[in-house]
Amino acid sequence: MRMNLEDRLNENPELKKQFDELDAYIDEKASQQGSLINVMHRAQEIFGYLPDDVLYYVAKRLNVPRSTVYGVVTFYHFFSRVPKGRHTVSVCLGTACYVRGGSTVYDRVMKTLGIKAGETSQDRRFTLDLVRCVGACGLAPVVVIDKDTYGRMTPDKVVTLLNKYA
Amino acid sequence: MIRNQLLICAGGACITSGEKSVKDALVEELARNGIQDEVQIIETGCMGACDLGPIVVVYPEGTFYQKVNVQNAGLIVSEHLVKGRTVPELLYHGPTSEKKAQTSEEIPFYTRQVKRVLRNCGVIDPLSIEEYIARDGYFGLGKALEMGPDEIIKTVQDSGLRGRGGAGFPTGIKWKATKDATGSPKYVVCNGDEGDPGAFMDRSVLEGDPHSVIEAMVIAGFAVGAATGYVYVRAEYPLAIERLDYALKKAREYGFLGKNILNSGFDFDIEIRIGAGAFVCGEETALLRSIEGKRGIPSLKPPFPAQAGLWGKPTLINNVETYANIAPILINGADWFRSVGTSKSPGTKVFALVGKVQNTGLVEVPMGTTLRELVFDIGGGIRDGKKFKGAQTGGPSGGVITADYLDMPIDFDTVKEIGTIMGSGGLVILDEDNCMVDVAKFYLEFIVDESCGKCTPCREGTRQMYRIMERICDGKGRGGDVEKLKSLGKVIQLTSLCGLGQTAPNPVLSTIRFFEDEYRAHIEDKKCPAHVCKHLLTYSINPDKCVGCTACARQCPVQAIGGQVKKVHVIDQATCIKCGACYEVCRFDAILKE
């Protein structure tokens with residue numbers, strides 16, 4: 001049988017630290033109306049993704065039904081229910097990138113990493129995402145890896161770029 | 001003593017092009033020459049000419065250096081600042097002009113612009129509230145507090161300002177309706193969920209001049225009687241969120257936000273709410289639900305947000321660019337605002353010029369400017385000498401403006417007449433290499449992805465349209481498909497619940513209207529005239545160019561290419577799956593794509 005969250009927190013100081021951090025953020029935001037989305041953003045930053053435990057915990061702390069939390073998390077693209085890789089590669093397929101060859105870049109990334117959008121490579125090195133415009137249209141096509149944006153991409157350039165991320 | 005200022009563009013595109021390392025190189029070079037105390041480095045918001053980045057401008061001369069990199073950044077210091085001579089290799093040289101441009105005033109991209117919304121972008125340090133104030137910042141607020149709510153609203157109404165988010169609804173009417181609505185508290189909301197792919201003006205304003213939005217929201221709060229404001233920003237814009245957050249703190253410190261603003265007794269504060277990646281949240285009722293922490297599902301209007309918005313209370317909601325217009329209107333008056341633009345769409349409009357145009361970037365021009373001026377005079381024409389085919393406006397809700405309408409003055413109403421919308425101002429320029437059927441399919445796929453699922457016409461209807469588009473592009477189009485798309489599109493327009501669904505068929509209907517022959521070519525001749533749709537292409541090998549290197553045969557995933565080493569290869573058309581792998585791998589341009 002699965003242990004309850006409290007017991008697991010007592011056993012795992014690392015996990016406890018993460019939940020404490022989330023707790024502190026919720027305390028700070030508790031007085032704000034409708035802070036659920038902001039709290040989920042913070043939770044994803046802390047945990048890297050949003051497992052059931054976190055969803056249940058937030059529901060309890062914010063006093064909203066679990067179904068509401070689940071509904072919100074699954075509605076928005078930004079929230080992930082599965083663990084992500086060490087690096088997130090987001091290929092932009094907004095219009096400007098698309099008309100300047102973004103899909104050839106995307107195809108090459110898929111081929112190189114062997115995964116599709118929304119998937120994570122076996123070795124957890126990369127998670128591949130498709131995004132619809134990051135607002136750097138002047139330099140289309142654009143690829144974002146973690147927090148860095150790279151412009152004027154080509155299929156060949158993107159492969160070189162990926163190799164820089166271990 | 002500061003003798004020179006170096007303005008470095010720290011807009012999104014220039015950061016991507018390496019602005020940070022250029023700045024570091026400049027700092028290092030200044031120190032090496034011992035003049036770090038004489039020269040001030042200022043990182044500004046977006047200067048607009050994204051294609052020329054990273055950009056460094058040296059003041060007081062205003063010398064405009066473009067495409068600066070780590071290697072040559074030092075020259076600006078060692079040559080310009082130390083020896084007093086410009087660095088010719090970093091100056092802009094237009095394709096048609098005889099000599100190089102010294103300042104931005106000599107570059108056609110800039111000379112035709114009228115910067116009102118972008119008045120401070122690229123001119124001031126967005127992190128410095130002092131610089132904003134020095135450019136008449138918060139002067140509009142001071143004036144507004146003296147004018148009182150009725151006069152503020154009258155001025156906004158008289159100015160004729162229309163919502164820059166897309167629909168062009170008169171801003172003053174919204175303000176008045178919110179003020180007159182019963183119920184309290186009231187709220188002021190800024191829609192910064194710039195979801196239209198290809199548009200980034202709101203991002204640039206929030207990053208480059210965040211105080212202009214804050215000031216306008218305080219004015220709006222005072223005018224409609226609200227004490228709380230929310231700025232809803234896309235999660236895709238972390239830098240905008242960071243700079244806005246900092247600006248809010250500074251505004252509070254200086255007494256422009258919080259309790260008893262400028263000793264007027266008026267209290268107002270602003271919170272940031274971050275989106276989470278849902279295009280539908282750009283629709284105002286969906287956005288309000290998202291601020292409430294719920295799924296972004298739109299609701300039927302009326303009631304309008306002005307009557308029942310956030311938590312059911314009267315709410316004023318305007319877009320970033322609309323707010324950025326407010327303070328100058330109050331300072332200079334309604335007549336000043338109307339002095340440019342057209343009579344029904346006064347003022348300026350910021351366009352994001354992207355796609356196949358030479359000079360990509362952000363431009364602000366008077367309403368009524370023609371597409372020809374935008375694409376050819378400011379944009380420098382089409383890349384690689386190709387032919388202009390059309391400009392897609394309004395993102396997935398809009399349509400295409402074709403070459404026939406290059407001389408039509410663009411404002412809210414003229415674009416509507418030809419079946420598209422102004423939208424937020426994204427102008428995606430398409431050339432002869434773009435397939436209009438493919439572009440329309442691209443937008444539909446986007447909509448299918450982003451439809452919230454609440455109403456059937458949008459959820460199911462767009463999916464059906466997409467299936468038809470898909471089979472057309474796959475070479476399986478049937479007679480009558482165009483008619484089916486038209487009638488389905490009409491139903492979706494008329495019966496969808498919110499703006500997303502009502503406009504979703506626009507890209508398809510608009511491209512059918514102007515490029516029906518391309519649709520027919522796909523369906524009847526099974527040909528893609530622009531050579532884009534993969535399944536309608538045939539790959540063959542030019543025997544004159546093939547050297548028999550076997551690269552293509554090795555790359556082919558289905559062994560469709562035969563031939564011996566150093567002999568001409570041949571593609572078996574029956575086996576070929578048209579993946580294009582051979583085309584990419586061939587180093588001798590021997591693969592023909594038709």
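The model is predicted. It scores ipTM 0.90 and pTM 0.93. For chain B, the mean pLDDT is 95, and 100% of its residues reach 70 or more.

**Domains**

- Chain A is divided into domain 1 (5-75) and domain 2 (87-163).
- The C-alpha centres of domain 1 of chain A and domain 2 of chain A are separated by 30 Å.
- Chain B is divided into domain 1 (4-107), domain 2 (129-337), domain 3 (348-431), domain 4 (436-523) and domain 5 (537-593).
- In chain B, 39 Å lie between the C-alpha centres of domain 3 and domain 5.

**Contact between the chains**

- On the chain B side, 42 residues are in contact with 34 residues of chain A.
- Several elements of chain B give two or more residues to this side: α1 (12-16), β7 (269-274), α12 (284-291), β9 (348-355), β13 (426-431) and α17 (436-450).
- By class, the side of chain B that touches chain A holds 19 nonpolar, 14 polar and nine charged residues.

**The four-stranded sheet of chain A**

- Four strands of chain A form an open sheet with mixed pairing, in the order β2-β1-β3-β4.
- The edges are β2 (126-131) and β4 (148-150) of chain A; each has a single partner strand, so one side of each has no neighbour in the sheet.
- From one strand to the next, the twist averages 20°.
- Strands β1 (residues 87-92) and β3 (residues 143-145) of chain A pair in the antiparallel sense, over three bridges.
- Ser90(A) has Val144(A) in β3(A) as its bridge partner.
- Helix α7 (residues 102-113) of chain A packs on this sheet and touches β1, β2 and β3 of chain A. The direction of this helix makes about 150° with that of β1(A).

**The five-stranded sheet of chain B**

- Five strands of chain B form an open sheet in the order β10-β9-β13-β11-β12, again with mixed pairing.
- Here β10 (361-366) and β12 (400-402) of chain B stand at the edges; each has a single partner strand, so one side of each is left without a neighbour in the sheet.
- Neighbouring strands are turned by 30° against each other on average, direction ignored.
- Strand β11 (residues 388-393) of chain B pairs with β13(B) in the antiparallel sense over five bridges.
- Within that pairing, Val428(B) in β13(B) is the bridge partner of Gln392(B).
- Two strands of this sheet, β9 and β13 of chain B, also give residues to the side that touches chain A.

**Buried elements of chain B**

- Strand β8 (residues 315-319) of chain B has five of its five residues buried, so this strand is largely enclosed by the rest of the structure.
- Both faces of β8(B) are covered. Thr315(B), Ile317(B) and Asn319(B) are buried on one side, and Leu316(B) and Asn318(B) on the other.
- Strand β5 (residues 186-192) of chain B pairs with β8(B) in the parallel sense over five bridges.
- Val189(B) stands opposite Ile317(B) of β8(B).
- Helix α8 (residues 171-180) of chain B has seven of its ten residues buried, so this helix is largely enclosed by the rest of the structure.
- The buried residues of α8(B) are Thr171(B), Gly172(B), Lys174(B), Trp175(B), Lys176(B), Thr178(B) and Lys179(B).
- Their cover includes α7 (149-159), β5, α10 (210-224), β8 and α13 (320-332) of chain B.

Definitions and conventions: Residues are numbered from 1 along each chain as its sequence is written. Chains are lettered from A and ligands numbered from 1 in the order in which they are written. This is a predicted model: local features need pLDDT of at least 70, side-chain atom pairs count only at pLDDT 80 or more; totals for chains, interfaces and linings use all residues. Two residues are in contact if their C-beta atoms, placed from the backbone, lie within 7 Å. Ala, Val, Leu, Ile, Met, Phe, Trp, Tyr, Cys and Pro count as nonpolar, Asp, Glu, Lys and Arg as charged, and the others, Gly among them, as polar. Domain bounds come from an automatic or database domain assignment. Two strands pair if DSSP finds at least two bridges between them. Axes are lines fitted to C-alpha atoms, for helices over the stretch in contact, and angles run from 0 to 180 degrees between N-to-C directions. A residue is buried if 20 or more other C-beta atoms lie within 10 Å of its own, exposed if 12 or fewer, and partly exposed in between; C-beta atoms are placed from the backbone. pLDDT is the predictor's confidence in each residue, from 0 to 100.
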